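Dear colleague,

I am passing on the structure that follows, and below it I have set out what was found there. Please read the notes with the structure open beside them.

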Amino acid sequence: LSGLDPAQPYFQGTPIEVRLDKSDADFVDIIHTDSAPTIPNLGFGMTPAIGHIDFYPNGGKQMPGCGKNPISQIVDLDGIWEGTRDFVACNHLRSYKYYSDSILYPDGFLGYPCASYDLFQSGTCFPCPEKGCPNMGHYADKFKGKIESNFLKLYLNTGEAKDFPLWRYKVTVTLSGKSKVKGYVNVALYGSNGNTRQYQITQGTLKPDNTYTAYIDVEVNVGKVTKVKFLWNNNWINPTFPKLGASTITVESGQN
């Protein structure tokens, strides 16, 4: 059974006979997309973990792309009816949109087991454990025989619009150069399955020999990394024309 943001009002905190529960089937997976409290946040979805595995994309409360202004959302590409409906219950309805996207991406929507979304964001729960990470949505049941804990909470990030899956990488850059400068460092990944856009690794004071790490959620599974593009910018024209390079760049895939 796949629970697509099971309802909170009248169901949360009730006995298991009343609501969806992992005792209802051999394998119950849940996608939580609107789990903020109904009062005062108007969250329609349930907060507690109730399945064998529970996914909390983007933390489970506020979905990217749902904060758009009402007019742009109502006159969305899907037309006025779907746009109006999405404006009223955008977070709640993301659950079925993620699910339908997951059918097309068997390797997408990896959920990382973690104690909280903040810890996931900080990179504490990266990479996937030895048994791997389950895929949120249609292919979640591939993980059925690998569950050890009573309730498994899983976190991941998604895109703002279709196509929703993102793939997580850890990028570590060690700088080389003669003097420190202020600015930012961007990296783009190139691989056997495709290339990403540029992602910011760090900004502020850039010191040669210092190492900077970032966790990036990118729009394509690049496969085998073939090339990394490194760019830095010091934000304004510097008459000394400082030079900065990367002595090493390490890319780690969350999957393996």
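In what follows, buried means under 20% relative accessible area, exposed means over 50%, and partly exposed lies in between, with a 1.4 Å probe and protein chains only. This is a predicted model, in which local features need pLDDT of at least 70 and side-chain atom pairs count only at pLDDT 80 or more, while totals for chains, interfaces and linings use all residues. Residues are numbered from 1 along each chain as its sequence is written, and side-chain values use heavy atoms, with hydrogens and water left out.

A search of the whole structure finds three salt bridges, each being a side-chain nitrogen of Lys or Arg within 4 Å of a carboxyl oxygen of Asp or Glu. In one of them D101 meets K162, at 2.3 Å from N to O. D101 lies in helix α3 (residues 80-104) and K162 in the loop between β5 (152-156) and β6, so this pair ties together parts that are 61 residues apart in sequence; helices (H or I, at least four residues) and strands (E, at least two) are DSSP runs, numbered from the N terminus. K162 is exposed at 55% relative accessibility, whereas D101 is buried at 0%.

Another salt bridge joins D217 to R168, with the closest N and O atoms 3.0 Å apart. D217 belongs to strand β10 and R168 to strand β6, so the pair ties together parts that are 49 residues apart in sequence.

Those strands also belong to an open, antiparallel sheet of three strands in the order β10-β6-β12, where two strands pair if DSSP finds at least two bridges between them.
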